[in-house]
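Thanks for asking me to look this one over. Here are my notes, in the order I would go through them with the model open on screen.

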Amino acid sequence: TQVYTKGHYLFGFHLAKAAIIQDDCAIITEGYLDCITPYRCGLKNIVASLGTALTVDQIRTLRRYTNNVIMLFDTDLAGQSATLRSLDMLIEEGMEVKIVSLEEGQDPDSFVRQRGVEKLKEKVSEAQPLFEYKYQYLITLYDQRLADGKAKIASEMLPTIHKFKDNIKKSEYIRILAQRLSVDEKILIAEYHKIGETLHSRISKRIQENKTSSNQRFASIEHNILKLLLQEETLVAVTKEQMTPEDFHDEEVRNVISEIYHLYEKGKQINVGQLLNSFNDEDTRKMISLLLLKDENHFGDKKRMHQDFLKRIRSDRLKQKVTAIKEEIQEAEQKGDQSRLNVLMKEFNKLITMK
C-alpha cells in the first residue's frame, strides 16, 4: 500500500538493531519463524526478509549498521535460489557476505527446535564465504570434469566475481577458479572482460527501454488531457488550477497547454482554429490536428477521465522525484555525508507522505 511496502523493511530489525551494531554482523533469514525461534533462544542479531527475496532497500537499511551479512536461508531448491539471487545484490552494495548451509530438509526454525541454538551458532561461525558457497553449489549441478560443466560453472561464477569492487579480490577469485577448473587463467580473464562488456550493453539497453516506455506513457496521457481540453473548454480552468505547463513532459504538449492558458487568461475563445493560428511550427500544428482526427477515445464521463489523467501525471512525477532522492541518499551514504543524508531523508519522508 501507499503506507507500507514489504520490500522496504526487515522483520525484527527494531529488536535486532543493537545486537547487529555490537556484533558488527547481521544474520538474515527468509521466513518469520526462522527469525523468531533463534531470536527467542538467544541469537539476537537476526532479521528476516519478510518472506520475499532480499531487496536493495533492505540491504541499504542494514548497511547503515554493518557491512557484514550472513545468509541463513532454507536448504531446499527455492531457498538456495533465493540465496543466490540475493548474493549479487549484496556484493554490488559493498557488503561482506557469508552463507550458512544447513542439512537438507532443515530450516533455522526446525534446526533450533531439534538441536538447540548453540548448534546453530556453531553453524553460523562456520559460514562459507560466498565464492566458496556458490562454487560448491554449482559443482553439485554440473560436472567440473567435463568441458561443458566447466563452461557452465565459469559462466555463472564470473558475473558474480565481476560485481566485486575490490580488484585484488577479483584477480584472486579468477586465479582460484582457473585452478579448480584446470583451465588457462588467461581464458577466464578473456571471458571475464566479455561479461563486463555484455553487462554494460544490457544495462544501457534496459535503461533506454525504460526511458522510451516511460516517455510513451507520458505522451499518451498528456495527449489525452490536451484532447479533452480541446473538446471541453470548461476543463481548462480546473487543469490550470492543478497543473503548470512545466508539469507536462512532452515539449509540444507543454507549448500548446501554455497557449491555452494564455488564451484563457485573455478571455479568448479556445478552439482548434485559434490554436493552429498561434503556432508556426509544423510539427506542433500536425500534432494538434492529428489529436482531433483520432477517434479511439470516445470519453464517457469526461470530468472523471480528466481527473484520472491529472492524477496519473502527478503520480508519475512523484515517482520520478522519489527515485532521484533515493539515488542521492545512496550517494550521501557512500560518501558518509551525514548532514546531507539527514536533509535528504526528511525530503524523502515528505514525498512518501504525498503518495
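1. A word on terms before the sheet: two strands count as paired if DSSP finds at least two bridges between them. Please also keep in mind that this is a predicted model. With that in hand, five strands make up an open sheet with mixed pairing, in the order E2-E1-E3-E4-E5. E2 and strand E5 (128-129) are the edge strands, each pairing on one side only.

2. How do E4 and E5 pair? Strand E4 (residues 96-99) runs antiparallel to E5, with two bridges between them. Lys98 is the residue that stands opposite Pro129 in E5.

3. Next, have a look at helix H1 (residues 13-23), where Phe13, Ala16, Ala19 and Ile20 are buried. Viewed down the axis of H1, these buried residues fall within an arc of 125 degrees, so they line one face of the helix. The face turned away from that buried side carries the exposed residues His14, Ala18 and Gln22.

4. What do the buried residues of H1 pack against? Their partners are strand E1 (26-29), strand E2 (46-48) and helix H3 (56-63). Just after H1, Asp24 has a positive phi of about 50 degrees.

5. Asn45 deserves a friendly flag. Asn45 sits in the loop between helix H2 (32-40) and E2. Is Asn45 buried or exposed? Its relative accessibility is 6%, and the cut-off for buried is under 20%, so Asn45 counts as buried. The Asn45 side chain reaches the backbone oxygen of Cys25 at 3.0 Å. Beyond its neighbours within four places in sequence, Asn45 touches Ala16, Ala19, Ile20, Asp23, Cys25, Ala26 and Ile27.

6. Finally, Met305, which lies in helix H15 (residues 302-335). With a relative accessible area of 28%, Met305 is partly exposed, because that class covers the range between under 20% (buried) and over 50% (exposed). The C-alpha atoms of Met305 and Ile225 are separated by 8.8 Å, although the two residues are 80 residues apart along the chain.

Notes
Residues numbered from 1 in each chain as written. Predicted model: local features only at pLDDT ≥ 70, side-chain atom pairs only at ≥ 80, totals over all residues. Heavy atoms only, no water. Helix = DSSP H or I, 4+ residues; strand = E, 2+ residues; numbered from the N terminus. Buried < 20%, exposed > 50% of the residue type's maximum accessible area, 1.4 Å probe, protein only. Arc of directions from axis to C-beta. Contact = heavy atoms within 4.5 Å. Polar contact = N/O pair within 3.5 Å; in protein donor to acceptor, adjacent residues only side chain to side chain.
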